[in-house]
Amino acid sequence: EDCEEDSAPGEEEEEQLLLHVTEGPTDSWHHIKDLDRFFTKISWHSPWNGFACVLLSDVLELVQFLFVVTFSTFLLCCVDYDVLFATRPLNHSHVPERAKVTLPDAVLPAPQCARRLRGSGWLLFLLVLAGAVWLCRLVTALWRLVGFWEIRSFYIRALGIPA
């Protein structure tokens with residue numbers, strides 16, 4: 001009340017305009033406490049071209065991680081490099097001695113591959129660690145998607161910009 005007495009007649013009206021809160025669909029945005037982080041997320045939304053691109057990027061990143069771990073494990077456990085690099089001859093009776101070695105010739109059968117995988121304690125530890133990292137990345141991606149869903153809703157409802 002003391003501030004109102006000290007202010008000039010035109011300033012009261014200007015102060016009320018600044019404090020005016022509109023009713024309607026923007027009311028759901030008054031809960032945001034950290035505006036810096038919210039506007040940083042908004043600035044990330046534009047270069048990614050919307051929610052669908054962010055979703056696709058996160059899903060493909062998770063699939064890429066799984067592929068790299070799976071393919072690396074396959075290359076470590078399921079390929080006989082002595083056969084592939086011809087340091088050991090093939091045990092096929094129908095293959096001549098100087099025949100070209102193909103990748104299927106060097107790939108170990110599934111039971112032997114699984115046996116090599118179970119026999120390596122370090123590799124199992126690394127696979128468990130990779131699984132934990134993947135789960136952390138999944139949780140992070142889901143958390144990001146929740147935040148981007150909020151930004152998407154802000155663009156559509158409060159700003160009136162369609163997806």
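## Disulfide and other cysteines

A search of the whole structure, which is a predicted model, finds 1 disulfide (a pair of cysteine sulfur atoms within 2.5 Å). The bond joins Cys78 and Cys113, whose sulfur atoms are 1.5 Å apart. Cys78 sits in the loop between helix 4 (51–77) and helix 5 (81–84), while Cys113 belongs to helix 7 (residues 110–119), so the pair ties together parts that are 35 residues apart in sequence. Helices here are DSSP runs (H or I, at least four residues), numbered from the N terminus.

Both Cys78 and Cys113 are buried, where buried means under 20% relative accessible area, exposed over 50%, and partly exposed in between (1.4 Å probe, protein chains only). Cys53, by comparison, is partly exposed with a relative accessible area of 35%, and Cys136 is exposed, with a value of 52%.

The structure holds 2 salt bridges, each defined as a side-chain nitrogen of Lys or Arg within 4 Å of a carboxyl oxygen of Asp or Glu. In one of them, Asp58 pairs with Arg144, with the closest N and O atoms 3.4 Å apart. This pair links distant parts of the chain, since Asp58 is in helix 4 and Arg144 in helix 8 (residues 121–158), 86 residues apart. Asp58 is buried, with a relative accessible area of 4%, whereas Arg144 is partly exposed at 30%.

Glu61 and Arg137 meet through their side chains in a salt bridge with an N to O distance of 2.9 Å. Glu61 lies in helix 4 and Arg137 in helix 8, so this pair ties together parts that are 76 residues apart in sequence. Glu61 is partly exposed, with a relative accessible area of 36%, and Arg137 also counts as partly exposed, at 30% relative accessibility.

## Nonpolar surface patch

Phe67, Val68, Phe71, Phe74, Leu75, Tyr81, Phe85, Leu103 and Val107 form a nonpolar patch on the surface, and together they have about 810 Å² of accessible area. Such a patch is made of residues with over 30% relative accessible area and no salt bridge, with nonpolar side chains (Val, Leu, Ile, Met, Phe, Trp, Tyr) joined within 5 Å; the areas come from the Shrake-Rupley method with a 1.4 Å probe. Helix 4 contributes the largest share of the patch, 5 residues. Tyr81 is found in helix 5 and counts as partly exposed, at 33% relative accessibility.

## Basis of the values

Residues are numbered from 1 along each chain as its sequence is written, and side-chain values use heavy atoms, with hydrogens and water left out. Because the model is predicted, local features need pLDDT of at least 70 and side-chain atom pairs count only at pLDDT 80 or more, while totals for chains, interfaces and linings use all residues.

How values were computed. Helices (H or I, at least four residues) and strands (E, at least two) are DSSP runs, numbered from the N terminus. Patches are made of residues with over 30% relative accessible area and no salt bridge: like charges are joined within 9 Å, nonpolar side chains (Val, Leu, Ile, Met, Phe, Trp, Tyr) within 5 Å.
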